[in-house]
Amino acid sequence: MSVQQRKRSTLIMITTLLLVLIIAGCSNKENSSASSSASGDQAASAKSITMSWPRDIGTMNPHTYNPSQLFAQSMIYEPLVSYQKDGKLEPALAESWTISDDGKVYTFKLRQGVKFSDGTPFNAEIVKKNFDSIMINKKTHSWLGIIGVLGKTEVVDDHTFRMTLTEPYYPVLQDLSVVRPFRFLGAAGFPDDGDTSKGIKVPVGTGPWMLADYKQDEYAVFKRNPNYWGTAPAFDQITVKIIPDAETRVLAFEKGDLDLIYGEGMISLDAFQQLRENDKYVSELSDPVGTRDLLLNSSNPKLSDVRVRKALQQGFNKKAMVEGVTSGLEEPADTALSKNYPYTNVDLKPIEYNVEQSKALLDEAGWKLPAGGTVREKDGQKLEFELIFDKTDPIQKAMGETIQAEWSELGVKVNLTGLELTVQIKRLKANDFDLYFWYNYGAPYDPHSFINVVASPGFGISETLTALPMKKELDEQVHAALSSTDEKKRQELYTSILTTLQEQSAIVPISYVKKTAVYQKKISKFVFPANRDENPFVGMQLSNP
Amino acid sequence: MIGYIGKRMIAIIPIVFIATLVTFGLIHISPVDPAEAYLTAAHIYPTPELLAEKRHEFGLDRPLLTQYVDTLKRIAQLDFGTSYLTNKPVIDEVKDKFPATAELALWSILFSALVSIPLGILAAVYKNSWIDMVSRAISYFGASIPQFWLGYLLIFFFAVKLDWLPVEGRGSWENLVLPTLTLSMVMIALYTRMLRTSVLEQLQEAYVQYARTRGIRERVIMLKHVLKIAITPFITGMGMTMGRLLTGTIIVEQVFSWPGFGRYFVEAIFNRDIPVIQCYVFISACLFIVCNLIVDLVQLYMDPRISAKGRAEH
């Protein structure tokens with residue numbers, strides 16, 4: 001091959017390869033620019049709002065989990081009963097319901113005249129079809145208590161649906177109010193074999209919104225469902241922009257591209273502070289949606305003595321820590337569950353910060369400071385613990401460091417270990433930890449899910465409590481409370497359980513976690529949903545432009 | 001020539017083999033179980049029964065060797081399976097993400113070449129002049145500023161304060177400007193200095209002196225002779241960068257909400273989405289090899305000294 005020839009063929013090769021790459025790069029351009037200009041036009045319309053979300057909204061299948069986002073599922077699909085403020089259960093797709101005396105038979109009168117967004121009627125038939133599909137994949141949903149006790153479901157008549165439980169379980173209605181899986185897909189969405197776990201055909205629901213346009217990882221546009229049975233939303237359209245980065249989210253909001261940033265941990269504490277101080281925007285905090293607790297693992301011999309656990313709880317200034325670390329975004333917690341759940345409005349005596357008492361308790365428990373030493377000892381063992389935390393969570397890290405510093409004053413040594421979340425959960429389940437930051441589930445899952453994990457092994461909480469002298473009675477009380485059909489009895493049991501847990505100081509309440517909402521003044525009314533997973537658009541009003 | 005390219009392409013096989021083996025090993029050394037990661041991400045409590053079911057579904061309960069052989073077989077047929085997370089075919093998702101990344105990579109390479117080639121040459125020719133100072137300042141700035149910070153600064157000034165450009169997202173050309181600038185900055189910093197140095201080196205060579213004594217004009221010496229040789233390391237560098245950019249620019253994709261390949265991969269790592277990770281590793285290996293090949297071919301074309309015997313027959 002001559003030099004000239006070689007040069008030419010090389011040139012051809014290079015050009016071809018580059019062309020391939022360029023074509024690959026440009027092939028998708030056309031449709032993406034078309035769609036983005038579409039979403040741009042829509043954003044300009046006055047009766048619409050734009051919100052950001054860190055992850056793609058997912059497949060919008062009402063009966064599956066990842067990657068679907070709860071808030072978006074709740075815009076399209078509705079429950080039979082809806083969880084409202086302070087745990088009140090209100091009619092949604094079920095107009096009313098009756099519960100048999102033995103607590104096993106639930107009969108729902110379905111709301112008449114409800115239609116799916118495609119115009120097909122909502123009736124007992126479709127309710128049963130959804131229940132059947134959900135129960136095909138029983139195992140996947142086994143975390144939800146109702147799944148374990150659901151026996152038979154039947155269509156009584158067109159607008160009456162009945163389900164029979166194998167044993168009484170009081171939180172049935174709470175379980176039915178959660179965002180997934182017990183929400184209702186229209187017939188058009190079902191695959192031919194009726195099993196929705198592998199996918200649905202179209203996301204058809206009865207909710208106020210329907211998915212109008214969607215591009216994975218970029219945006220989703222929801223439009224009003226013309227067939228919605230309830231009060232129609234005050235605006236026509238919601239655009240959800242997928243913005244994974246918290247700082248970018250704030251910049252997009254400041255530019256005016258976003259009307260609302262909503263959720264838990266959606267923006268950094270600094271950014272929230274900064275936006276809160278700006279009069280151009282409105283910032284709000286919700287009621288507590290969950291509690292950040294510190295588990296003191298009583299199955300560790302050093303922590304099996306209640307005096308040590310109490311001393312540790314008294315030995316750090318919780319109020320100062322929570323306010324300092326979260327800049328007021330979280331509220332110091334005195335009890336493991338806040339009082340805005342059913343049955344939790346109980347008077348419990350807080351364990352107050354008191355370093356002197358704490359030191360005295362440790363002395364009393366036999367943990368003494370050796371002469372010239374900084375760490376307490378007993379029988380040749382040092383009072384030393386490992387605190388594991390999620391290394392991606394700056395709040396856990398800062399709190400861990402504060403606790404480490406304050407307890408060192410008491411003569412207690414803490415070693416901090418940052419872990420990946422999955423590893424952390426694995427160690428919790430394996431009961432392989434001393435100190436652990438744990439969160440309860442929030443509404444509508446609590447308080448029943450909370451007491452359930454207190455008694456049921458496999459979640460790490462029951463294991464943490466094994467050295468409590470009254471653990472067996474506690475478990476019995478939990479089982480009695482969950483199956484109790486007598487409201488008064490149930491409250492008594494809850495009071496007793498919560499009091500025991502408070503006194504035993506193995507679940508140390510740290511702070512109440514709240515949701516944040518920052519929005520433009522264009523939104524004149526904003527209401528936080530009572531159900532932690534629901535969308536925030538119900539009750540939202542826009543000011544007239 | 002064709003034979004040479006063919007040989008180089010065949011080299012993909014052992015490289016991919018090693019890459020998949022290493023990836024497979026790393027995934028299984030990691031203490032996180034993919035089934036567990038899946039459930040955690042879905043906010044489902046990983047009970048033992050559920051875990052067992054998920055492991056079975058993902059085929060993770062089979063012996064390691066079987067799993068690996070199966071993976072190899074599928075990759076050989078270019079079948080990458082379905083994502084654990086989204087339950088969609090991995091290849092479809094990649095087809096969706098890759099163009100976004102390629103678009104950004106090509107524009108960034110183009111833009112950095114357009115800026116750094118003239119700037120590098122001018123900085124060498126007019127050494128220690130104001131233009132050299134400017135290029136030096138740009139290089140210090142570009143090389144030392146963290147990419148995410150530069151991204152935020154650009155958004156703050158050009159999108160929020162001046163309102164000239166969009167903050168984030170992909171769509172029109174306007175969306176491309178800021179991410180391209182952010183990505184190019186570090187390349188411009190590097191390549192301008194690189195080119196300046198190699199041009200200065202060449203200017204010291206005897207052939208330049210000789211050409212000058214022959215009375216050839218400076219411009220001709222520069223463009224026809226010096227640049228041809230001086231640009232070789234620049235091309236090598238660009239080629240490698242190209243490979244890197246095409247496999248995703250995680251930080252920029254994150255800051256600008258660019259729906260690209262890098263973000264997709266990072267998410268897959270956190271979720272231990274093995275099919276996605278394997279597909280990514282495969283594509284990355286191929287991309288790097290192809291980019292290297294392009295670099296070699298360009299050099300072959302530019303510098304006949306390399307080609308005569310050595311490399312082509314290698």
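## Chain A overall

In chain A, 69% of the contacts with a separation of 6 or more come from residues 24 or more positions apart. The model is predicted. Chain A holds 545 residues, and 55% of them count as buried. Its secondary structure comes to 17 helices and 21 strands. The C-alpha trace of chain A spans about 85 × 80 × 55 Å along its principal axes.

## A four-stranded sheet in chain A

Strands of a sheet pair through backbone hydrogen bonds, either parallel or antiparallel. One open sheet of chain A has four strands, in the order E4-E5-E7-E6. Its pairing is antiparallel. Strand E4 (94-99) and strand E6 (150-157) of chain A are the edges, each pairing on one side only. From one strand to the next, the twist averages 20 degrees.

Five bridges link E4(A) to strand E5 (residues 105-110) of chain A, in the antiparallel sense. One residue pair can be picked out here: Ala94(A) has Leu110(A) in E5(A) as its bridge partner. Helix H4 (residues 124-136) of chain A lies across E5, E6 and strand E7 (160-165) of chain A. H4(A) runs at about 165 degrees to E6(A).

## Strand E11 of chain A

Which residues of strand E11 (residues 260-263) of chain A are buried on each side? Leu260(A) and Tyr262(A) are buried on one side, and Ile261(A) and Gly263(A) are buried on the other.

E11(A) is joined by four bridges to strand E19 (residues 507-520) of chain A. The two strands run antiparallel.

## Chain B overall

Chain B has 17 helices and zero strands. Of its 314 residues, 54% count as buried. The C-alpha trace of chain B spans about 85 × 55 × 30 Å along its principal axes. Among contacts in chain B between residues at least 6 apart in sequence, 73% join residues at least 24 apart.

## Helices H12 and H15 of chain B

Two packed helices are described by the angle between their axes and the distance between the axes. For helix H12 (residues 232-246) and helix H15 (residues 274-302) of chain B, the axes come within 8 Å and cross at roughly 160 degrees. H12(B) is therefore roughly antiparallel to H15(B). Their crossing is right-handed.

Which residues meet in this pairing of H12(B) and H15(B)? H12(B) brings Thr232(B), Ile235(B), Thr236(B), Gly239(B), Met240(B), Met242(B), Gly243(B), Arg244(B) and Leu246(B). They meet Leu287(B), Phe288(B), Cys291(B), Asn292(B), Val295(B), Val298(B), Gln299(B) and Met302(B) in H15(B). The residues of this contact divide into 10 nonpolar, six polar and one charged.

## Glu36 of chain B

Glu36(B) sits in helix H3 (residues 34-41) of chain B. Why does Glu36(B) count as buried? Its relative accessibility is 3%, and the cut-off for buried is under 20%.

Glu36(B) has contacts in both chains. Leaving aside residues up to four places away in sequence, Glu36(B) touches Thr422(A), Lys426(A) and Lys429(A) in chain A. In chain B, Glu36(B) touches Pro46(B) and Leu51(B).

Note on methods:
Residues numbered from 1 in each chain as written. Chains lettered and ligands numbered in written order. Predicted model: local features only at pLDDT ≥ 70, side-chain atom pairs only at ≥ 80, totals over all residues. Heavy atoms only, no water. Axes fitted to C-alpha atoms, helices over the stretch in contact; angles between N-to-C directions. Parallel < 35°, antiparallel > 145°, perpendicular 65-115°, else oblique. Left-handed = near helix turned anticlockwise from the far one by under 90°. Contact = heavy atoms within 4.5 Å. Nonpolar A, V, L, I, M, F, W, Y, C, P; charged D, E, K, R; others polar. Buried < 20%, exposed > 50% of the residue type's maximum accessible area, 1.4 Å probe, protein only. Pairing = 2+ DSSP bridges.
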